[in-house]
Structure formats: C-alpha cells, structure tokens
Amino acid sequence: MNVAIIGCGVVGAAIAYELSQVPGIKITVFDRQPPAQASTGAALGVLVGIISQKVKGKAWQMRQTSVQRYETLIPELEAITGRTIPFNRQGILSLCLEAENSELWEKLVAIRHSQGWELEIWDTAKLQQICPQVNHPQVTGAVYSPQDRQLDPTALTLALVEAAQHHGVTFQFGVTVLSLPTTAATKCTSVETTAGKITADWIIISAGLGSTALTAQLEQKIDIRPVLGQALQLRLGHLQGNPDFQPAITGNDVHIVPIGGGDYWIGATVEFPSNGDEILPNHELLASVKQQAISFCPELASAEIIRTWSGLRPRPEGRPAPVIGELPGFSNILLATGHYRNGVLLAPATAMAIREKIISQ
Ligand SMILES: Cc1cc2nc3c(=O)[nH]c(=O)nc-3n(C[C@H](O)[C@H](O)[C@H](O)COP(=O)(O)OP(=O)(O)OC[C@H]3O[C@@H](n4cnc5c(N)ncnc54)[C@H](O)[C@@H]3O)c2cc1C
C-alpha cells in the first residue's frame, strides 16, 4: 500500500513516524521546504494539556492521548536517533490574576482529579516560596500542572523524520505537490509534484496553510487562514528562581519558557489578518508581550533580546481546530490540518487517529 503525506511540519512528521510502524505500507512525504520550517519552526512547544480548560469530548480526548503518548514517544525517538530532544518535564505553572475566576480553576482541579490527573492550586505564599522569580502585585496565586510538558518543536520534528527514515520512509524535501488528479469521482490515485508523479492508495494532507489550495483544486475547499504569532528569545545569562525547578510559566496568555543556559523563549502574539491573508507583524504587540513577561518575572528586565521571529498558525475558518478525517467526497484523502495554536500538542493524537483510519479500512 502506498501512502503519500503532503507537508512535513510536526503533524506530517508525526504521521509518517506513526505509520512507519505499520507493516506493509510504503510512505513518501513531500514538503516544498526542509522539515519544520513553517508554523512548526516558530512554535514554543508548550503542551497545554491537563491545564487546558477542555474537559470532555474529542478536544479533551486528543489532549489526553497526546500527553500520554509524549511520555513514551520522546525516549523512543531518542533511542532510535541518538538525538536529544529538549523536553521539560517540570510542568506548567499558570499564574492567576485578580480578574480571573478562581471558581473555574477549582472546578477544573476537581475534574482533573476525577480523571486521574494531578493539578494543584497554589496561594501566593506557596508561589513565592517555590517560584520566587514571580513577583507581580496582581498575581493572586497559581495553578501548577506537574504532568504537562514543553518541548523543542524543531528538534522533535527532525527526530520524527530521522526515526521514520530509519523505518524506511522516503522524504522528498524541496518538492511541491502541485495537484491531486482524480481518476474516479471519489478517488485520487496519484500525486503530481514538481519532481514528477507518484501513485498513492492514500493521500494525507498535512500541509498547514497549504491545505487550502490543495483542497480547493478538488472543489472541496478547506479554508485554513493564517494567524500570526511573534516571539522572542531573551538571554538572562543565569536561571531565574530555583535552578532545580524551571517550569514553563504562563500568565495572561504569555508564555515564559526556560530553554536552558539562562535563555528564555517569550511569546506569542495572536494577530489576525486585516486585509485578505496579509498580516504585517505589529511590533508594539511583541513589545507588550515582552513587557508582560517582565511584569511577571521582573528579573527578565535585565535580559538581552537575542532573537525575534514570527510564524503563521494554520487556523480553520468557521470550524473548530483541528480538521482531521476524510476530505468530503473522497474515500482515500485524509485531512490532518488546521491545528491552529496546538499543533505540537496534538501531533501524536492526530497521527494515531490517521493510523486508525488507515488500518481499519
Ligand atoms: C509563534 C507560535 C507559537 C506557537 N506555540 C505553540 C505551542 O506552544 N504549542 C503548540 O502546540 N503549538 C504552538 N503553535 C502552533 C503550531 O506551531 C502549529 O499548530 C503546528 O506547527 C502546525 O503544524 P503543521 O505540521 O500542521 O503545519 P506546518 O508546520 O505549517 O507545516 C506545513 C508544511 O506543509 C508544507 N506544504 C504546504 N503546502 C505544500 C505543498 N503544496 N507541497 C508540499 N509541501 C507543502 C509547508 O512547506 C510546511 O512545511 C505556535 C505557533 C506559532 C506561530
């Protein structure tokens, strides 16, 4: 059986690796760029799972599946590839601001406990004792999620690619998929690329923002729109707070992500297009994200900005993210796209869902 995967961000790479473990499948992955360049290359890798407000249905199930799978996936990939994937196992600390509804958090803690997960509410005294770097007059406490994680999305994607290659998957980078010619009304049996045509029994569209054009050609347009995110890397030169406890900290939707060696990723802005699909980065918004990080952790004021970057998140228009399942009207085209703000978190669960679809047919 031949499977063609279009797009090698974290989602396409996770699918390739997951399917590479199913015997009898020949897999080819196409990307017009090298791996992990588009949205994946800009992501902060904060895996908002247990601490997310999703408590039921598919949105929660996918988060839970991914959180569980990451615990085995990272050591598995490191063993196959010999690479190290930076994976912060010290949890996520979400700062509570005066304005926030504390009842909501208490309810979430009770639900997570009933689901078998840990989640703790800290008062300001506990926060001060455990995370002395946080010092903000409006922070009234925090919620600590010890089982949530953060990882380096590029390192993860490159490891997924290498592990999949190890299992026989072919990758064609610098190759654009131009069209998906249809032979029968409900089937597409080949993939037309800038490097020629290949036949395929299954086609998986994990092309992020490129998914719109590919599906539009098939008259089943899945409208994926860009939402810009800007982020920056600060160099403090030493670790803030307790060097042995460096969780990812989040407050008012701003992440402060320790990446080791006294460097921190800070982000990200959420900027919608105002004119068609064009979005010009708003520098004031990035400055405000940095300012908020400093207001939570004042020591960061003395840090130096060593890098700023931006990326476009693939957001499905008019429907919930992500979009996973058959392309309407086609029995052998699967969509794995539109992961918007949580593609890194949801990549393992997405890959498992795609694998189920293929092996159950
Ligand atoms: C600043 C920022 C911070 C973020 N932080 C987080 C976070 O903390 N946690 C989290 O879970 N998520 C985060 N995200 C979201 C996350 O980055 C995305 O949800 C995720 O990367 C989507 O992965 P993907 O593989 O679907 O898409 P992409 O990474 O965009 O990959 C799609 C690929 O398809 C290729 N492609 C498209 N069309 C074609 C074609 N016709 N032929 C060949 N190749 C094609 C592209 O070249 C690209 O490589 C963040 C995003 C941004 C921008």
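1. Start with phenylalanine 173. Setting aside residues within four places in sequence, phenylalanine 173 is in contact with Asp31, Gln33, Pro34 and Pro35. Bear in mind that this is a predicted model.

2. Phenylalanine 173 belongs to strand S9, residues 170-173. Buried or exposed? Phenylalanine 173 counts as partly exposed, because it has 14 C-beta neighbours inside 10 Å, and that class sits between the cut-offs of 20 or more for buried and 12 or fewer for exposed.

3. For a sense of distance, take phenylalanine 173 and glutamate 304: they are 131 residues apart in sequence, and their C-alpha atoms are 35 Å apart in space.

4. Now the ligand. It is surrounded by 42 residues, the closest being Gly7, Gly9, Gly210, Gly229 and Gly343. Elements giving two or more residues to this shell are helices H1 (10-19), H2 (39-42) and H9 (343-359), plus strands S2 (26-31), S14 (224-235) and S18 (304-316). By residue type, the shell divides into 19 nonpolar, 19 polar and 4 charged.

5. Where does the ligand lie relative to domain 1 and domain 2? Between them, because domain 1 (1-88 + 149-223 + 317-361) and domain 2 (92-146 + 225-314) both give residues to the shell.

6. There's also an open sheet of 3 strands, ordered S3-S8-S4, with antiparallel pairing. Strand S3 (46-47) and strand S4 (87-88) stand at the edges, each with a single partner strand, so one side of each has no neighbour in the sheet.

7. S4 and strand S8 (residues 149-151) run antiparallel and are joined by 2 bridges. Phenylalanine 87 has leucine 151 in S8 as its bridge partner.

Methods:
Residues numbered from 1 in each chain as written. Predicted model: local features only at pLDDT ≥ 70, side-chain atom pairs only at ≥ 80, totals over all residues. Near = placed C-beta within 6 Å. Helix = DSSP H or I, 4+ residues; strand = E, 2+ residues; numbered from the N terminus. Nonpolar A, V, L, I, M, F, W, Y, C, P; charged D, E, K, R; others polar. Domains from an automatic or database assignment. Pairing = 2+ DSSP bridges. Contact = placed C-beta atoms within 7 Å.
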